[in-house]
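This report is meant for someone looking at the entry for the first time. Please keep the sequence and the model open while reading the sections below.

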Amino acid sequence: MYLNCPFCGHRHLEEFTYEGDATISWPTLDSQDIGSWTDTVYQRRNPAGPHREYWQHVHGCRQFLIVERDTTTHSIHKVEVAGPWAGETAPRNTEAKQ
Amino acid sequence: MSGFRLNNGGHIDRERKLRFTFDGQPMTGYEGDSLASALLANGQETVARSFKYHRRRGIYAAGADEPNALVGLRHGARHEPNCRATGVELYDGLMAESQNRWPSLDFDIGAMNGLFSPFFVAGFYYKTFMGPTRHAWMFYEKFIRKAAGMGKASMEPDPDHYDARHAWCDVLVVGAGPAGLAAARSAADAGADVLLADELPVPGGSLLSETTKLDGKTSLEWTRREIATLTKTGRVHYLPRTTVYGYYDDNILGAVERVSDHHPLPQAGQPRHRHWTIKARRVVLATGALERPLVFANNDLPGVMLSGAVRSYANRYAVAAGRRVVIATTNDSGYRTAIDLAHAGVEVACLADARHEPPADLAAEAEGLAIPVRTGSTILAAEGRKAVTGAILTELDAEGRPHGKQESIRTDCLAVSGGWSPVIHLTAQAGGKPQYDAERGQFMPGEVLQDWQPAGAIGGADSLSEAWQQGLQAGSAAARDCGLTPSSETSAPEGLDSRKPGSTRLLFQVQGGKGKAFVDLQHDVTARDVRLAHQEGFVSVEHLKRYTTLGMAADQGKTSNINGLAMMASLLDVPLDVAGTTRFRPPYTPVSLGALAGRSTGTHFRPLRRTPLHDWHVEKGAVMVEVGLWQRPRAYPGEGESLIDAIRREARTVRERVGLTDVSTLGKIEIKGPDAPEFLDRVYSNRMGNLKVGRARYGLMLRTDGMVFDDGTLWRLEENRYLMTTTTGNAGGVMKHLEFLLAAVWPELKVHLVSVSDLWSGCAIAGPNSRAVLQTCVSGTELDNDSFRPMDVKAAEIDGAPVWIARLSYSGELAYEVYTPAPHGEAVWKNLLQSGKPQGIVPYGLEALGSLRIEKGHVAGPELDGRTTADDLGLGGLMSKKKHFLGEALARREAMLEADRPQLVGLVSGNGQPIPPGAQLLDSKTVREKEPPLDAQGHVSSPTYGAAIGKYIALALLHDGRARHGESLTASSPLTGEEVPVVVVSPHFYDPEGARMNA
Amino acid sequence: MPEAARTILKRFPTDTAEAAGLQLRLERPHNLLQCMAWPGQKDALAKAMEQVLPSLAWPEPGQLFPLEEGGSFFSTAPGSAMLLDVDAERAARLVADIPMETGSVFDQSDSRLLLDLQGSGVQEVLASGLIVNFAAWPDRCVAATMIEHIDVTVVRWHAEHFSLLVTRSYAQSLWDWAYETSANFLARQAG
């Protein structure tokens with residue numbers, strides 16, 4: 001399986017690690033609300049179908065990527081950079097393969 | 001003796017005679033022979049004994065579908081069991097042994113199993129061996145294990161090496177038969193980079209079994225020339241002896257190249273096998289078709305073979321499989337066999353066509369060669385004892401049941417063809433559920449999720465000419481999909497047959513004959529077993545497979561799957577497409593573990609990380625240990641000194657004088673940026689934002705769920721430059737954690753992080769004399785207690801090498817950490833040891849390091865096991881109340897604040913025995929109760945022998961531990977059977993005031 | 001630890017080694033500076049660096065930009081680029097002079113070693129462990145990837161010259177792998 005990293009291009013899955021659900025939100029650090037912190041740490045949807053998730057390109061650019069993957073067919077629809085460099089690295093539509 | 005060599009023909013080199021042995025018998029063959037064809041040519045009838053019943057078996061097929069002829073090759077460490085003789089290239093000096101027989105192939109005691117065969121039907125081990133007690137199975141299992149299996153593997157390490165290649169191409173063509181060669185031609189013509197892989201050592205595939213000339217040349221001459229032309233384009237890479245065994249996501253395919261199997265030993269530098277991971281933009285599958293046999297009584301006798309294989313042996317290897325051949329067919333291909341044998345001068349006693357109306361042209365040609373043809377007929381049973389000596393022919397009714405006249409006929413080779421199935425295994429692996437085409441009577445590829453083109457049999461081609469044309473189109477289409485201009489190549493070689501064949505009569509089983517009728521030869525599964533499965537309710541094909549083991553042998557049911565499921569479909573009275581097929585899984589043919597391991601064996605199993613001081617440790621005779629990927633010294637035993645004595649000596653020397661240890665493996669991260677102080681305040685539980693330049697601080701990092709994640713130190717080297725240290729094991733984890741926070745949670749923070757773990761060579765110098773040692777060799781900074789306070793960080797030099805020195809103590813003694821860039825590491829280390837000689841300095845290793853910190857009551861990995869909070873560890877004071885930090889909210893959950901949580905305590909052994917690591921702590925009441933489960937109060941996390949206090953001690957986590965100092969407990973280790981009385985004390989066994997490290 | 005230049009393979013007769021030869025060298029780079037910009041500040045950082053290296057321009061992803069003043073500049077992550085083998089004096093100025101608001105410069109010279117491979121067999125040797133399609137790269141192309149679980153930054157200078165930057169602690173393992181692969185390749189050539 002390959003992932004199309006927006007910076008590095010098409011790379012083998014071995015270069016990446018899966019880093020969990022990307023749809024979770026984070027409370028601000030001053031929040032003492034146990035409920036919202038519990039949601040962040042423990043609650044996950046686990047859908048059968050399209051899923052937005054983090055992958056880190058550990059053996060490459062080390063960026064965190066947000067990947068849209070279908071959990072039933074395993075096909076990857078979109079890959080974008082998470083974080084402050086998202087604006088400067090265009091997301092890769094993986095239908096246009098190498 | 002039935003098989004023999006024909007005087008003419010074949011793609012063998014009669015100039016190159018090869019000598020080989022089979023079960024010690026010397027035999028000869030020719031270059032170009034497979035082991036199977038050579039055995040046939042030497043008249044060998046029995047080549048193996050079957051799996052369960054130990055029946056005699058002969059060579060059955062000519063390719064990957066061979067179920068019987070499994071032999072052991074080579075000796076000693078290179079011995080390889082279960083090799084398909086049809087896939088073994090004959091070489092001079094080859095030594096082959098038959099398997100699964102004792103004492104010999106001819107006289108095998110195991111044949112007695114045949115007498116007990118009524119008990120060995122499918123599923124027998126689920127029903128027998130069940131008593132008299134529940135544990136009886138473990139008794140029987142020993143004997144069954146001994147009797148199971150075919151060949152025996154060598155128990156010696158493999159002396160050969162295996163290689164790996166990663167390859168990218170525009171078009172991967174699987175199969176170098178007519179369709180594949182055409183696809184490679186048109187793809188290359190269009191400018192594509194082509195990989196052409198074929199399992200055979202020579203190109204041509206099914207063409208090698210044809211006698212017609214192509215462009216006036218023999219088929220092998222023609223295909224060789226074609227390969228040469230293709231290779232000359234510079235765009236085609238031809239891989240012979242390479243099986244593409246698996247088709248995965250994203251058009252990734254796995255293949256294994258048998259680089260040196262055809263030599264007695266691999267030649268210099270050659271791997272035995274090479275694994276190819278191929279990423280293809282487009283794939284053309286030109287994998288051909290496999291023949292189905294018919295299921296009838298005694299169809300496993302040596303001499304019963306696939307008709308297409310008999311033809312291959314005659315045309316490709318110039319070997320007649322028998323002297324008086326009978327052919328039973330349901331389709332046109334049986335005629336080809338009959339005609340080619342007749343041309344070669346072999347007697348064809350009869351051709352039984354199950355169809356009532358055979359094609360007129362073929363019937364005429366057979367008649368012209370005086371081949372007796374029986375229509376509407378097939379084999380009811382084979383006859384013979386050690387090999388086939390005759391067959392009973394029968395007529396068939398419209399439903400395919402035996403009906404009417406039966407005839408006995410003498411024969412020593414029974415060639416059978418039930419029809420052909422395209423090799424769709426790779427498409428099924430790629431997600432395409434096979435679709436049954438009732439008109440063709442074949443399973444065709446289903447909807448596949450990957451980017452591929454069919455060519456040849458898999459595309460429904462019915463003639464060689466059609467296969468060629470499909471290949472041209474497929475190669476062209478594949479090239480076009482890669483963005484290239486498709487080729488306009490349409491030419492085909494002269495001589496390709498374009499005759500449209502007649503239909504196949506669908507016949508799978510002929511019932512009514514006397515004797516066992518086999519469906520899966522390799523696993524000895526009979527027609528009766530299939531009926532039994534049906535009778536017992538195991539009717540889905542997946543259950544049929546697992547209950548009978550049909551299709552589960554190393555041949556993956558290549559000659560049995562379709563027949564088995566057709567029989568089940570018939571029993572269920574449903575059409576074949578409703579019955580369906582089982583899933584095909586890689587590998588298509590067996591793959592060596594060596595090829596899969598590739599280079600990752602021995603020293604390359606995983607990389608080894610070495611500190612800059614590694615060579616010094618090894619030279620000094622350190623006992624090294626692997627910690628994760630790192631190599632670290634445990635201790636430095638002197639001449640005649642035991643490891644334990646060395647460890648205690650080193651720890652004592654640190655407490656009494658001074659020692660030096662290598663701490664280079666710690667994770668180190670350099671941090672810069674205007675928001676660095678804020679970021680550090682957020683990730684550490686204690687305050688860090690106010691850390692001044694030239695100071696260091698111990699810090700605790702929590703996970704978001706409030707548990708302690710890691711501990712380390714933070715040094716502020718310059719206004720805009722921090723050095724963070726982490727534990728060795730968590731270096732990668734902390735880096736990832738910080739990178740994640742900056743990418744996903746706080747992207748607005750301007751912080752740059754860079755891993756510098758390998759940049760710095762770090763050592764810790766510890767002991768009351770440590771200052772004195774530094775004063776001898778350090779220049780550029782004052783070292784007295786007033787100038788260099790605890791937690792100070794200063795830049796300095798040691799004999800010209802730049803160093804950062806931080807006054808930090810892990811051991812509880814006066815101590816400093818000295819960091820220098822890696823190239824200077826060894827020089828600085830040696831310098832310190834040299835300067836420290838008058839003070840009695842010694843190097844100390846991991847064990848002493850651990851022992852000292854335990855004595856001091858410092859927590860480390862065993863206490864930071866992901867289940868402990870800062871409060872549990874007595875570090876609640878490091879949870880700042882002046883700022884907010886990650887993990888704060890969930891660390892303050894109710895359950896985290898409960899009084900009786902496991903808390904860090906110290907233990908002292910009550911009887912002078914070591915406290916077992918991981919032991920459970922039981923109070924006196926519990927110890928008296930004999931029956932588990934027992935209520936443990938806690939566990940031992942870090943035991944050691946305390947060098948300074950002279951006792952066996954341990955750190956432990958005990959419920960409500962802080963309130964229980966002085967209590968007596970038992971440390972119980974059921975796994976090792978140890979029980980030690982202990983007393984609960986403060987974890988700070990040694991110098992709790994910290995006077996020594998602040999001196 | 002390997003520090004200075006290592007032996008060139010001497011197993012085979014000189015003429016064979018030249019015809020289908022392979023040279024391996026492991027050494028410390030003269031300099032390696034990691035230059036990281038703040039988001040949106042890439043151009044500003046490049047401009048600040050131009051004060052010290054006038055010919056400098058921020059490289060495209062994967063592209064190696066040769067500097068007239070000596071050395072190369074390449075980027076293997078967004079906003080982050082490495083300066084390789086510029087002279088020591090300029091390197092020191094860069095570490096000291098770049099203001100915090102523009103970006104950060106880290107001296108990584110001691111954290112990596114450079115494994116240099118030259119010869120006609122280089123691509124076949126690398127194909128045994130590299131999982132990127134370097135054969136299709138243009139010259140002066142760079143990528144951060146891995147070989148046998150070891151992180152490497154691969155530089156393709158040209159078809160027969162590649163360099164691998166590897167973190168120090170892994171360098172011996174990488175060398176062992178490269179040496180063994182090369183030795184097998186040369187043995188096959190000779191045999």
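Although His149(C) is not a glycine, its phi is positive, near 70 degrees. Most residues other than glycine have a negative phi, and most peptide bonds are trans.

This is a predicted model, in which local features need pLDDT of at least 70 and side-chain atom pairs count only at pLDDT 80 or more, while totals for chains, interfaces and linings use all residues. Residues are numbered from 1 along each chain as its sequence is written, and chains are lettered from A and ligands numbered from 1 in the order in which they are written.

## Chain C as a whole

Chain C contains 5 helices and 10 strands, and 51% of its 191 residues count as buried. Among the contacts in chain C with a separation of 6 or more, 60% join residues 24 or more positions apart; two residues are in contact if their C-beta atoms, placed from the backbone, lie within 7 Å.

The domain assignment divides chain C into domain 1 (32-107) and domain 2 (111-190), with bounds that come from an automatic or database domain assignment. Taken over C-alpha atoms, the centres of domain 1 and domain 2 of chain C are 25 Å apart. The contact between these domains takes 6 residues from domain 1 of chain C and 8 residues from domain 2 of chain C. On the side of domain 1 of chain C that touches domain 2 of chain C there are 3 nonpolar, 3 polar and no charged residues, where Ala, Val, Leu, Ile, Met, Phe, Trp, Tyr, Cys and Pro count as nonpolar, Asp, Glu, Lys and Arg as charged, and the others, Gly among them, as polar.

## A sheet in chain C

In chain C, 5 strands form an open sheet in the order 3-4-5-2-6, and the pairing is antiparallel; two strands pair if DSSP finds at least two bridges between them. Its edge strands, each of which pairs on one side only, are strand 3 (64-66) and strand 6 of chain C.

Within this sheet, strand 4 of chain C pairs with strand 5 (residues 80-84) of chain C in the antiparallel sense over 5 bridges. Phe73(C) stands opposite Leu83(C), which belongs to strand 5 of chain C.

## How chain C meets its neighbours

The contact between chain C and chain B takes 38 residues from chain C and 36 residues from chain B. On the side of chain C that touches chain B, the elements giving two or more residues are strand 2 (32-37), strand 6 (103-107) and helix 5 (168-190) of chain C, and helix 5 of chain C has the largest share, with 13 residues. By class, that side of chain C has 16 nonpolar, 14 polar and 8 charged residues.

Towards chain A, the contact takes 13 residues from chain C and 16 residues from chain A. Strand 4 (72-77) and strand 8 (141-147) of chain C each supply at least two residues of the side that touches chain A, and strand 8 of chain C gives the most, with 4 residues. The residues on this side of chain C divide into 9 nonpolar, 3 polar and 1 charged.

The secondary structure of chain B comes to 24 helices and 50 strands. Chain B is more spread out than a compact globule, because its radius of gyration is 38 Å, well over the 30 Å that the globule rule gives for 999 residues; the radius is taken over C-alpha atoms, and the rule is 2.2 Å times the number of residues to the power 0.38. Along its principal axes, the C-alpha trace of chain B spans about 115 × 70 × 55 Å. Of the 999 residues of chain B, 56% count as buried.

Ala370(B) lies in the loop between helix 8 (360-368) and strand 20 (373-375) of chain B, and has a positive phi of about 60 degrees although it is not a glycine. Ala370(B) counts as exposed, with 9 C-beta neighbours inside 10 Å. In the loop between helix 14 (576-579) and helix 15 (593-597) of chain B is Pro587(B), and the peptide bond from Pro586(B) to Pro587(B) is cis, with omega near 0 degrees.

Technical notes
A residue is buried if 20 or more other C-beta atoms lie within 10 Å of its own, exposed if 12 or fewer, and partly exposed in between; C-beta atoms are placed from the backbone.
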